[in-house]
Amino acid sequence: MPRYARVDEPVRSPYFDEMSELELLLFRQDNVISRRQALRHLSLDAIRHRLESGRWRQAVRGVYVAHSGPVTAEQRWMIASLACGAGRRAPLAGVTALTIAGLRGYPAGVVHVLMPWHRRDRNAPYWVAVHRTRHLPASQVHRLATPPYTLPARSLVDAAQWARDDDAAAALVASAFQQRLVTADEVNSVLVDMPGIHRRRLIGAMVADVAGGSHSLPELEFVHGCRREGLPEPSRQVRRDDSTGRRRYLDALFEPYGVHVEIDGAQHLEVRRYWADMQRQNDLWIPGERVLRFPAYIIRMRPDLWVPQLRKALIEAGWNPIVDRTMAVRPSSGPRSHRSY
């Protein structure tokens with residue numbers, strides 16, 4: 001005897017269930033779907049009908065967009081993941097993964113995808129950069145995300161080694177730390193797992209400098225310039241309270257000599273920020289500290305201008321370069337180890 005549904009009982013059918021799963025998949029993947037995924041829910045004729053009617057369109061070979069409007073940046077990420085994953089979702093990496101994690105200041109362009117070293121990328125679009133790796137543990141991938149992407153520390157290390165030059169790599173490391181996307185321990189853990197990567201020493205040095213207190217690329221270049229020119233190394237991001245009790249952070253402080261250096265970036269063009277910096281400078285001048293200010297581009301491009309001024313200020317404040325140099329080259333009294341690594 002046939003079973004009849006009650007009025008308050010929802011009518012269910014295999015077709016409705018399949019479409020519900022398909023709609024959920026499209027929702028999760030931002031209206032992007034691979035041919036392999038679509039065939040789990042639709043026949044070839046049904047897929048062909050959607051393409052011919054304009055409801056769907058082919059983004060790249062084997063990947064469809066389930067609408068006729070413009071493709072967004074998020075959909076490009078999904079298309080790249082499915083195209084390179086042969087119908088499955090391959091993890092995004094590098095700057096692309098950092099952008100998903102919240103990195104600002106790097107416009108969307110090339111989409112970076114990470115694949116196992118043995119897998120071929122036959123369907124990768126021209127705007128996708130495919131990278132291969134022999135080492136990608138599950139702990140370094142956010143696999144529950146759609147599309148999946150490498151976690152920030154791994155993404156930063158990859159982005160730095162794939163950067164066009166050392167300056168671009170250094171800027172990426174500084175930006176990621178400045179925007180609080182990673183910690184030194186997280187990045188160092190990835191570096192330990194990947195001993196043979198490109199620019200490993202540069203990335204490690206940048207992480208050490210940032211962990212020491214510098215939070216922007218000009219500040220890091222300032223510290224490197226001091227080392228290169230034989231000047232004392234300053235303390236960075238030193239906390240001070242101004243006359244109103246408000247907490248302030250100094251870019252660089254040569255504490256034994258009372259010399260403070262401020263590096264002005266683009267943010268100092270904003271009037272309220274500029275006044276806050278001047279107020280902080282006045283609070284330091286009142287008790288007698290020397291304050292030097294340099295634009296960021298001078299730190300990077302014209303060391304012949306800022307180094308002599310800083311050296312003169314330090315000498316006037318009591319620094320003796322001859323004594324400092326003698327102490328720096330004084331040999332150690334203990335025995336040296338000849339252990340090789």
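How do H8 and H9 run relative to each other, roughly parallel or roughly antiparallel? H8 and helix H9 (residues 200-211) pack at an angle of about 160°. Their axes lie 10 Å apart. H8 and H9 are therefore roughly antiparallel to each other. Angles under 35 degrees count as roughly parallel, over 145 as roughly antiparallel, 65 to 115 as roughly perpendicular and the rest as oblique. The axes are lines fitted to C-alpha atoms, for helices over the stretch in contact, and angles run from 0 to 180 degrees between N-to-C directions. Helices (H or I, at least four residues) and strands (E, at least two) are DSSP runs, numbered from the N terminus.

A word on the source. This is a predicted model, in which local features need pLDDT of at least 70, side-chain atom pairs count only at pLDDT 80 or more, and totals for chains, interfaces and linings use all residues. Residues are numbered from 1 along each chain as its sequence is written, and side-chain values use heavy atoms, with hydrogens and water left out.

Back to the H8 and H9 pair. On the H8 side, Ala184, Val187, Asn188, Leu191 and Val192 take part. They meet Arg200, Ile203, Gly204, Val207 and Ala211 in H9. Contact means heavy atoms within 4.5 Å. This contact divides into seven nonpolar, two polar and one charged residues. Ala, Val, Leu, Ile, Met, Phe, Trp, Tyr, Cys and Pro count as nonpolar, Asp, Glu, Lys and Arg as charged, and the others, Gly among them, as polar.

H8 (residues 184-193) also meets H6. Their axes come within 8 Å and cross at roughly 60°. That makes H6 oblique to H8. The crossing is right-handed. H6 brings Ala153, Arg154, Leu156 and Val157, and H8 brings Glu186, Val187, Val190 and Leu191. By class, six are nonpolar, none polar and two charged.

Next, H5 and H6. Their axes come within 7 Å and cross at roughly 140°. H5 and H6 are therefore oblique to each other. Their crossing is left-handed. Gly94, Val95, Ala97, Leu98 and Ala101 in H5 meet Pro152, Ser155, Leu156, Asp158, Ala159 and Trp162 in H6. The classes here are eight nonpolar, two polar and one charged.

Now the second largest pocket. About 330 Å³ of space lies in it. A pocket is an open set of points on a 1 Å grid over the protein atoms alone, where a 1.4 Å probe fits, with protein on both sides within 12 Å along at least five of seven lines; lining residues have an atom within 4 Å of a point. Grid points are joined across faces, edges and corners, and the volume is the space filled by probe spheres set on the points. Of its 18 lining residues, the closest to the centre are Val95, Tyr106, Pro107, Val110 and His112. Helix H5 (94-101), strand E4 (111-116), helix H6 (152-162) and helix H7 (166-178) each give two or more residues to the lining. The lining has 13 nonpolar, four polar and one charged residues.

Finally, the backbone. The peptide bond from Thr146 to Pro147 is cis, with omega near 0°. Pro147 sits in the loop between strand E6 (141-142) and strand E7 (149-150). Asp30 has a positive phi of about 60°, although it is not a glycine. Asp30 lies in the loop between helix H1 (14-28) and strand E1 (32-34).

Note on methods
A crossing is left-handed if the near helix is turned anticlockwise from the far one by less than a right angle, and right-handed if clockwise.
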